[in-house]
Amino acid sequence: MTDVIDGRIYNFSAGPAIMPLPVLEKAREEMISLEGSGMSVMEISHRSDRFGRILHAAEDGLRSLLAVPANYKILFLQGGATLQFTMVPMNLLAPGKTAEYVVTGSWGAKAANEAARYGDTRTVFSGEKDGYRSVPARDELRFDPRDAYVHYTSNETIDGVEFSYDLDGQGAPVVCDASSNILSKLIDIEKYAVIYAGAQKNIGPSGVTVVIIREDLLDRRPRDLPPLLSYRAIANSDSLLNTPNTWGIYLVSLVCEWLEEQGGVAAMEKRNREKAAVLYQAIDSSDGYYRGHAEREARSSMNVTFRLPSAEFDERFCADAESLGMDGLRGHRSVGGIRASIYNAFPKEGVERLVEFMKDFASRS
């Protein structure tokens, strides 16, 4: 029997991912007429005062939740984190400078490969040889303060590895792709020059990208760029250089409201750790039937990756789970296996339901 709540399933998808149900319900209520205006948010002008309030509510919500200092700009862009693989070096990597890349998974590798098109780059750490199972120890890396920047991915969704600490650039500006764990735990924004994130994990729907950038970085501009690829031009226009994803930004503002109601990022971090612990305990206590991918010190609280005794068992596991209302458990197409994504909006009871199913499935296999 499918286990559903208001017709919804337990959605373990890595992204686009589960949204908070209260956010969806409020958006449904206002879909036809926003604040009694007689227009949907998708119909109002992005230059209107009404949308201006929505835009600033989303910005203020993120600034409050993440304790973003006043000398940082929050930008709303499109193109996903993938476009940021290009925009970061375009805006920050000047001739004669080097960008250092810490690669702990597929997305970090893609970012490093893209940056190499625009200047000198160096990979100072790569987990590829061990199958992207680890992250470097806190004191393992050495950077040159003269570097253009240091880039890393704080949580790799495909392999399920996550940094447990804020990377120290040792004087070099730190750029972080935080797409899959932003808002899931407390971070020290002042340790970063740029943080960027696709929204479709913890911030909102797909189609919005958030960039948090320290203002002094806006003046780098090592090359003449088209306005839509320039952080400075986008910041100067208050993210309205072109028509933005108005619906997506509206939902970001609602997610921020929901997170505040839940107790903020500190409360979410506690819940996320509890959810992940329940699932990892099930893996560790299975006598090897379930085998976690990431090394224990690098385990992600957002994306739990593991395998069964064979690929055939993996597929049957996912098919049986789907029949019980648990979807999105297949690993990324590039690696296979199982991946349970348990972002902020994913309920603990869904994790508990998965663990019950894991025990039953193992007993029947």
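**Figure 1. The largest cavity of the predicted model.** The largest cavity in this predicted model has a volume of about 60 Å³. Two cavities of 30 Å³ or more are found in the structure. Lining residues of the largest cavity include Ile18, Met19 and Pro20, together with Lys201, Asn202, Ile203 and Gly204. Val255, Trp258 and Leu259 also line the largest cavity, as do Asn344 and Ala345. By class, this lining has eight nonpolar, three polar and one charged residues.

**Figure 2. The second largest cavity.** A volume of about 50 Å³ is computed for the second largest cavity. The residues that line this cavity are Glu162, Ser184, Lys185, Glu269, Asn272, Arg273, Ser301 and Met302. Helix α7 (residues 264–284) supplies the largest share of the lining, three residues.

**Figure 3. Packing of helix α1 against helix α6.** Helix α1 covers residues 21–30 and helix α6 covers residues 246–261. The two helices pack at an angle of about 135°, and their axes are 9 Å apart. The angle makes α1 oblique to α6. The crossing in which α1 passes α6 is right-handed. On the α1 side, the contact involves Pro22, Val23, Lys26, Ala27 and Glu30. These residues meet Trp247, Tyr250, Leu251, Leu254, Val255, Glu257 and Trp258 of α6. The contact of α1 with α6 has nine nonpolar residues and three charged residues, with no polar ones. Val255 and Trp258, listed here on the α6 side, are also among the residues that line the largest cavity.

**Figure 4. Packing of helix α2 against helix α6.** The axes of α2 and α6 are 8 Å apart, and the helices pack at an angle of about 40°. The helices α2 and α6 are therefore oblique to each other. Here the crossing, in which α2 passes α6, is left-handed. From α2, the contact is made by Phe51, Ile54, Leu55, Ala57, Ala58, Gly61, Leu62, Ser64 and Leu65. From α6, Thr246, Ile249, Tyr250, Val252, Ser253, Cys256, Leu259 and Glu260 take part. The class counts for the contact of α2 with α6 are twelve nonpolar, four polar and one charged. Tyr250 of α6 belongs to this contact and also to the contact with α1. Leu259 of α6 is part of the contact with α2 and lines the largest cavity as well.

**Figure 5. Packing of helix α7 against helix α9.** Helix α9 covers residues 348–364, and its axis comes within 9 Å of the axis of α7. The two axes cross at roughly 5°. This angle makes α7 roughly parallel to α9. Residues of α7 in the contact are Glu274, Lys275, Val278, Leu279, Ala282 and Ile283. Their partners in α9 are Lys348, Val351, Leu354, Val355 and Met358. Eight residues of the contact of α7 with α9 are nonpolar and three are charged, while none is polar. Helix α7 also contributes three residues to the lining of the second largest cavity.

Figure 6. The peptide bond that runs from Gly15 to Pro16 is cis, and its omega is near 0°. Pro16 is placed in the loop between β1 (10–11) and α1.

**Figure 7. Positive phi at Glu35 and Arg221.** Glu35 is not a glycine, yet its phi is positive, at about 55°. The loop between α1 and α2 (49–66) holds Glu35. Arg221, a residue other than glycine, likewise has a positive phi, with a value near 35°. Its place is the loop between β10 (209–214) and α5 (231–236).

Key: Residues numbered from 1 in each chain as written. Predicted model: local features only at pLDDT ≥ 70, side-chain atom pairs only at ≥ 80, totals over all residues. Heavy atoms only, no water. Axes fitted to C-alpha atoms, helices over the stretch in contact; angles between N-to-C directions. Helix = DSSP H or I, 4+ residues; strand = E, 2+ residues; numbered from the N terminus. Parallel < 35°, antiparallel > 145°, perpendicular 65-115°, else oblique. Left-handed = near helix turned anticlockwise from the far one by under 90°. Contact = heavy atoms within 4.5 Å. Nonpolar A, V, L, I, M, F, W, Y, C, P; charged D, E, K, R; others polar. 1 Å grid on protein atoms, 1.4 Å probe; cavity = no way out; pocket = protein on both sides within 12 Å on 5 of 7 lines; lining within 4 Å. Points joined across faces, edges and corners; volume = space filled by probe spheres on them.
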